[in-house]
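Here are a few exercises to work through with the model open in your viewer. Try each one before you read its solution.

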Amino acid sequence: MLDIFDRIERDSGGPIGQYFNQGFGYYMYPKLEGELGPHMTFNGKEVLNWSLNNYLGLANHPEVRKADAEGAAKWGLAYPMGSRMLSGHTALHEKLERMFADFEKKEDAFLFNFGYQGIVSAIDCLTARHDVIVYDAEAHACLLDGIRLHIGSKYKYRHNNIVDCEKVLARACKEAEESGGGVLLITEGVFGMTGAMGILDQIVELKKKYSFRIFIDDAHGFGLLGEHGRGTSEELHCMDGIDLYIGAFAKSMASIGGFIAGPRKIINYLRLNMRSQMYAKSQPMAFVYGNIKRLEIIMSPEGDELRKKCWHVTHTLQEGFKKLGFDIGEAQACVIPIHIDGGGVAQATKIAMDLRENYRIFCSMVIYPVIPKGMVIFRIVCTAAHTDEDIAYTLNAFKGDRKSTRLNSSHSRIGFCGLLVKKKRGGGGGG
């Protein structure tokens, strides 16, 4: 009989684990220290940081920091104890849920203590044996994990391809009608590795021909996209067509948790049946209190200004990279992938080292299984806290203009300016 530990020890650790000995602490599990923001410390040296999902810069907003401190001082991190259903429910939890429901123009909303496990559990809770799931091929890992739990049929369609989506949806609806089930279509508002917006408006149009429900994960769109920051569905003018909307706190809100908004009867069903919320501790009061302040800022005129700043950084960088000849794929939102070609992971690690050591620029290198096989990208996350100086310096670094660097280094030059790119290439998977 095989010993499970023997198998694991013989394994390389998977697609990423094979690089563990060379990459731990530098390419994977790096330590970024200091105040959260565009300028942090890595390996004892200051770097320009493009790897924080802090779109609106709320992580260090003085009112947010004050609310977080007040919440922790008043309640600590233990209160309330227990799950929401048994002993972890408070008036402030209810208040935050009402705020999210009103903001997203839905009847009700339900808080998640963690976004990832909340999404997994919501999918599991919503679908029964005879239901059919249809989903985008490059959906985020949390969506895929929830889909894997489904014991019924599930079909994927080609990424953001409405023709293939309709083809798969027609098949799913036919199967569901024959089995007595329903159809749940799952996709993202913004795909977190490519920065591409989901084709929500086109999918909503298919409701005129087919009977199905739409479930979207808008972790990277909530608080950022749309006239008021309500997300990708507001940006694409299809809010009413989205049946279940999920926003995460770990991006625009710079916090922990998430929520799902939709019809009151469905939200109440989730309250009573979502295993990740029934059998896990409620979100601590200090987080709830701080999240109320974050949402208040997002809904305020200041939130509008922070969004404008973030989009200024995003659009300036997007245009700058394009002019320099870099391939940024489908990027429409505030994540910008720099696709590279030639040399694979080995070449990418050299580029990453050149950026970090010679230019003091920190951005994440992303490989399979986070994105499809054969792809390697450098992922730039834009925030309202970045400046025009940060933008210009970064574009010059990617251009390979050594004269413009303000950083001195004794490290050897690795020839970053020889990077090749593929043109008009599609984006990668979620993350």
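**Exercise 1: the sheet**

An open sheet runs S1-S2-S3-S12, four strands with mixed pairing. Work out which strands stand at its edges.

Solution. Before we start: this is a predicted model, where local features need pLDDT of at least 70, side-chain atom pairs count only at pLDDT 80 or more, and totals for chains, interfaces and linings use all residues. Residues are numbered from 1 along each chain as its sequence is written, and side-chain values use heavy atoms, with hydrogens and water left out.

- Strands are DSSP runs of E, at least two residues, and helices are runs of H or I, at least four, both numbered from the N terminus; two strands pair if DSSP finds at least two bridges between them.
- S1 (32-33) and S12 (361-362) each have a single partner strand, so they are the edges, with one side of each lacking a neighbour in the sheet.
- Further in, S2 (residues 39-42) pairs with S3 (residues 45-49) in the antiparallel sense, over four bridges.
- On that pair, Phe-42 sits opposite Lys-45 in S3.

**Exercise 2: His-159**

Decide whether His-159 is buried or exposed, then find the polar partner of its side chain.

Solution.

- Locate His-159 in the loop between strand S6 (153-157) and helix H8 (162-179).
- Its relative accessible area is 15%, so His-159 is buried (buried is under 20%, exposed over 50%, partly exposed in between; 1.4 Å probe, protein chains only).
- The His-159 side chain makes a polar contact with the side chain of Asp-136, at 3.0 Å (N or O atoms within 3.5 Å, one able to donate a hydrogen and the other to accept it; residues adjacent in sequence count only if both atoms are side-chain atoms).
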